[in-house]
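Below is a short note for a colleague who is opening this model for the first time. The points can be read in order with the structure on screen.

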Amino acid sequence: MCIVVFLSLGWLTLVLADGEPDYISQGDGLQLLGDFSVAGYFPLHYRESSRSGVPVLGACNEGKPNRHGYHLMQAMRFAVEEINNSTGRQRLLPGVKLGYQIYDVCTVQAGILATLELLEQLGNTDPNSNLGQRAMAVIGPDSSSKSFTPAALLGAYLVPLISYEATNEMLSNKIHYPSFFRTVPSDDNQVIAIIQLLVRFQWTWVALLASDNAYGRQGMQGVAELAPHYGICVAYNGIIPKLTANTAQTMRNIVGNILRTEVNTIVVFSSKTKLRGFFPFVIEQNVTGKVWIGSEDWSAATVLSGIPGIHTIGTVLGAFLNHAAISGYEEFERRSADVAKQHSDTQEFLNGTTNLGAECLKNADIYSLARNNFPLETYDISSSFNVYKAVYAVAHALHHTLGCDSGECLKKSVQPWQLVPWLKQVRFSVGNSPVYFDENGNPPTEYDIVTWVWRGTDWSLRLVGSFTMDPTTLKVDATQIEWPGTGTSRSVPPSICSPECPAGHRRLQIGRHTCCFDCLPCPAATFVNKTGSTRCQPCLPEEWAPPLSEQCLNRTVLFLAWDNPLSVALLFLLALTLLMTTGSALVFLLNLDTPVAKSAGGRTCLLMLAALTAATASALCHFGQPSHLACILKQPLFIFSFSVCLACVTVRALQIVCIFKLASKLPRAYDTWAKNRGPEFTILLMSAAILFISVVRVAVNPPHPSKDLDFYQDSIVLECSSTLSPGAMFELAYVSLLTVLCFYLCYMGKDLPANYSEAKCVTFSIMVYMISWISFFTLYFISRGPFTMAAHVFAILLSVLGMLAGYFLPKVYIMVLKPQMNTTAHFQNCIQMYTMNKQ
């Protein structure tokens, strides 16, 4: 009931239109009776569609004969006859004759009417009707716009429709078009091929034109959506309308807009019929030297090559459907043309004729069409090859449905829906071209990349590459392409908005197009190694880069290596210093009871020399890469050891000053302090104070190996943390205070007896100590390299050597080389001389 209502509404719509269907025109029709029939939708004539908004249908044979449709129809006839006449093991349908019904689908309305008739045939339940007239499948139509409605109508009854030229991706939707197949790749694959071609030649600034139909608009949308992912900018979008008196100015405006955008590459996703009216306006405005990227519908179209002056527009590159030669097809067409010349209009149609009822669609006469002498030499047979493959796909599906593998097909009734699952499984080859359908009914994608070649005004095609979808691969021989220009040294013309940024520069986008930009240099410590980057990437913390860098470099690691020449010299000096401190300690130990040793402090000197030895040893912590133990010992060990030495010198200076200057003024206080081990407790208290400060500092903020990444841009300083922490500053303040006190007390004893006065020598030692450390800290704040680290070690050794030279070496000299001065009598004589001078 539903089908009756639907068909009635469809017929009523056509009847009530402004124009009336032509059922009067007489014609033989194009049909071959067989056991199973295949319908073919072909544009055998050119006919304008209605512009009134209603589906007016006129007789197709009133239009101009269409060479393209004629060759498509002949390809179907040839395929059917080849299948029927095949012999031996290669026979696809043994015992079964395949028939056809050919409809002249010159307009969208004609395709709808043809589909309604086919559905009426399927709904005919009359047992006396000829089942061979029922189409098992439909081959066609020739465009996406003509395919949408037939595919939807036939899909409702799962009647297979295999198109040879409908490329719109929407037809892959199996929910809306469950029985749609095609032998031409979908537009999505063609879009990818065009994008890959643009990427191959680095054309990033392009204009995009499309014909005003589903094919063009869908292709334009696909290119526009995919282009930004490959860094391609569409400078201008234009829709090419059908050429009329009203659209001529629109055509001129499109050409003018292309010239204003200054693009060198124009992508044209258009049908050849629409483009035929556009190119004269391109030639009119003298557009030359451009590269035109064509979609498969027009890139090899001979109808365009005949436009006067089209050879001046530039280079044409395009995707062209890969196809193989059809053996015997050219001979078949030649024989058909010969027969047509000898045939009279009253003779019966070759291979059988019948009047099918829808005369307005089937009133074409093959003989009248053949008499037009449409040559094959200048015709692109790729679409005919797709028709040929489609017929064979139906035959293979019937072969499996009828169980023909045994050598004879079963005689049984077959419904169109039974072919659908077998069509999804067919897999065969025609020549070197594989034929199968994926889950969406699409064939394998293979395009040839072709270019137009002109020799004067003689046109030809040249194969320059290929494109396959699985995997996505584009191969192009650019040397075979004749680029715009003059002379022999023609190069690929650029099509860019802004030239690529130099190395080490980033893009700053101008306007809305990412392809239009200024170039800004990357600052130091950043890099850019990716073409088209809009930001400079920062280097890793342990890397660096000068301005305008393409990559980061590893920073130089700075530390005082053991094998550094400075280190070798300092280690030699350190060893010499240790030898001097231990040697001096040995001399003092052997002469501990002598006047010189007692006047210097006696056993206190051994403590001082031990402290100086420890201070010298602390310098070893500065060599090599820092370790946790070295960081903990390095600064505290030196400060504590040297502070002990300073404390001993300070107390010794205080004792001498008190004996000779203050004892008479404060006799009881000095006696109490001296007799109750005051000097020893004073040294212990001073040493304990600095020890406490150091321990607290290490406990609260323990030093550890660290990397200073901020001082140098190109280097990493390996050092210990907390070098200038508050705790370290407190340590330095305590030592500085002790140094000033020591210096003051020593200076007070400048006029004491020579054997007891170390003022000059100790003052010299303290001055050396202070100058060395002031020099080091000055250098430390301006440099952190190995030289500064060596200066740190040198300051330690110089401090120790200064104390040795100013305090101990004069006494060692007397004990070793002047023993006559190391006597009690000599010391008493010196004291008497000091007393007499005072009086």
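**Notes on the model**

1. Contacts of arginine 462. Apart from neighbours within four places in sequence, arginine 462 is in contact (heavy atoms within 4.5 Å) with Ile449, Val450, Thr451, Val453, Arg455, Gln480 and Glu482. A polar atom of the arginine 462 side chain lies 2.7 Å from the backbone oxygen of glutamine 480. Arginine 462 belongs to strand S17, residues 458-468; helices (H or I, at least four residues) and strands (E, at least two) are DSSP runs, numbered from the N terminus. Its relative accessibility is 23%, so arginine 462 counts as partly exposed; buried means under 20% relative accessible area, exposed over 50%, and partly exposed in between, with a 1.4 Å probe and protein chains only. Between the C-alpha atoms of arginine 462 and aspartate 448 the distance is 9.9 Å, at a separation of 14 residues in sequence.

2. Basis of the model. This is a predicted model, in which local features need pLDDT of at least 70 and side-chain atom pairs count only at pLDDT 80 or more, while totals for chains, interfaces and linings use all residues. Residues are numbered from 1 along each chain as its sequence is written, and side-chain values use heavy atoms, with hydrogens and water left out.

3. Confidence. The pLDDT is the predictor's confidence in each residue, from 0 to 100. Its mean over the chain is 83, and 86% of the residues reach 70 or more. Helix H1 (residues 2-15) has the lowest confidence, at a mean of 39, and strand S7 (residues 161-163) the highest, at 96. Residues 1-29 have pLDDT below 50, and this stretch makes 46 contacts in the model beyond near neighbours in sequence. For residues 345-358 the pLDDT is also below 50, with 31 contacts beyond near neighbours.

4. Aromatic pairs. Rings of Phe, Tyr and Trp (its six-membered ring) pair if their centres lie within 6.5 Å; planes under 30 degrees apart count as stacked, over 60 as edge-to-face and the rest as tilted. By this rule there are 32 aromatic pairs. One of them joins phenylalanine 279 and tryptophan 292 edge-to-face, at 5.4 Å centre to centre and 75 degrees between the planes. Phenylalanine 279 is in helix H8 (residues 272-284) and tryptophan 292 in strand S12 (residues 290-294), so the pair ties together parts 13 residues apart in sequence. Phenylalanine 279 is buried because its relative accessibility is 0%, and tryptophan 292 is buried at 1%.

5. A pair across a longer stretch of sequence. The ring centres of tryptophan 298 and tryptophan 452 are 5.9 Å apart and the planes stand at 85 degrees, so this pair is edge-to-face. Tryptophan 298 sits in the loop between S12 and helix H9 (302-305), and tryptophan 452 in strand S16 (residues 446-455), so the pair ties together parts 154 residues apart in sequence. Tryptophan 298 counts as buried at 0% relative accessibility, and tryptophan 452 does at 4%.

6. Phe638, Phe642, Tyr769, Trp773, Phe776, Phe777, Tyr780 and Phe781 are linked into a cluster by ring pairs. Tyr769 is also among the contacts of threonine 739, which touches Leu646, Ile766 and Met770 as well, neighbours within four places in sequence left aside. Threonine 739 is in helix H21 (residues 726-748) and is buried, with a relative accessible area of 2%.

7. Helix H5. This helix (residues 187-200) has 14 residues. Which span does H5 reach from its first C-alpha to its last? The span is 20 Å, close to the 20 Å expected at 1.5 Å a residue; the expected span is 1.5 Å times one less than the number of residues. Eleven of the 14 residues of H5 are buried, including Asp187, Asn189 and Gln190. Glutamine 202, which follows H5, has a positive phi near 60 degrees.

8. Helix H2. The 19 residues of H2 (residues 67-85) reach 27 Å from first C-alpha to last, close to the 27 Å expected. H2 is mostly covered, with 16 of its 19 residues buried. At its start, a side-chain oxygen of asparagine 66 comes to within 2.9 Å of the backbone nitrogen of histidine 68.

9. Aspartate 710. The loop between strand S26 (705-708) and strand S27 (715-720) holds aspartate 710, which counts as exposed at 72% relative accessibility. Aspartate 710 and proline 541 are 169 residues apart in sequence, and their C-alpha atoms are 9.4 Å apart.

Methods: Polar contact = N/O pair within 3.5 Å; in protein donor to acceptor, adjacent residues only side chain to side chain.
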